[in-house]
Amino acid sequence: MGMSVTISAATGQDTEQILKLQYLCYQSEAELYRDWSIEPLTQTLDALCAELEGGCVLVARLGEEVVGSVRGQVDAAGTGHINKLVVHPRLQRHGLGGRLLAALETRLAQEQGAQRFRLCTGHRSEGNLRLYRRCGYVASGTERVSPKLSVITLEKAAVAEAYAQSA
């Protein structure tokens, strides 16, 4: 392609591209669970704009195109909640998801004092589970949401020295 992918904070101008990418990426999850009513597929542009204002949203860009995104926020107890990690299907399995996740962890630790990170994925989402485990996450619980879906919660501690070095 001749260009490198850059990761930066999302801006209000990115919202439509993020929403379209999210819709594209969550089609495979909907197919896996036979449920097209999942929140990432029904989220509105206004709801996404509110997430941009209330948390940390990063995007991966290839030129002007948003090809990846991840969101997170830190609660009062110091837990960084990470969600909606998406990478365009044509760029998956090349390390971009791991780069986005690491960039968000660094930002949440440095700027908002995250002491640990937590994220969730469906029990059939093997690709997601492999990525999260490779990035140091360990399953901490499972909740049966419906007959079709159990959600696995994964966590890991923030390592202050690692995030300080990458600054």
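Modeller: Buried means under 20% relative accessible area, exposed over 50%, and partly exposed in between (1.4 Å probe, protein chains only). This is a predicted model: local features need pLDDT of at least 70, side-chain atom pairs count only at pLDDT 80 or more, and totals for chains, interfaces and linings use all residues. Residues are numbered from 1 along each chain as its sequence is written, and side-chain values use heavy atoms, without hydrogens and water.

Colleague: Which class does Glu31 count as?

Modeller: The side chain of Glu31 meets that of Arg34 in a salt bridge (a side-chain nitrogen of Lys or Arg within 4 Å of a carboxyl oxygen of Asp or Glu). The relative accessibility of Glu31 is 39%, so Glu31 counts as partly exposed.

Colleague: How many salt bridges does the count come to?

Modeller: Side chains of opposite charge can pair when their charged atoms come close. By the salt-bridge rule, the count comes to nine.

Colleague: Which strand holds Arg71, the partner of Glu51?

Modeller: Helices (H or I, at least four residues) and strands (E, at least two) are DSSP runs, numbered from the N terminus. Glu51 and Arg71 form a salt bridge, with their closest N and O atoms 2.5 Å apart. The pair ties together parts 20 residues apart in sequence, because Glu51 lies in helix H4 and Arg71 in strand E3.

Colleague: Which side chain of opposite charge is nearest to Glu29?

Modeller: Glu29 sits in helix H2 (residues 27-33). Glu29 is buried yet has no salt bridge. Lys and Arg count as positive, Asp and Glu as negative; His and the chain ends are not counted. At 9.6 Å away, the nearest side chain of opposite charge is Arg124.
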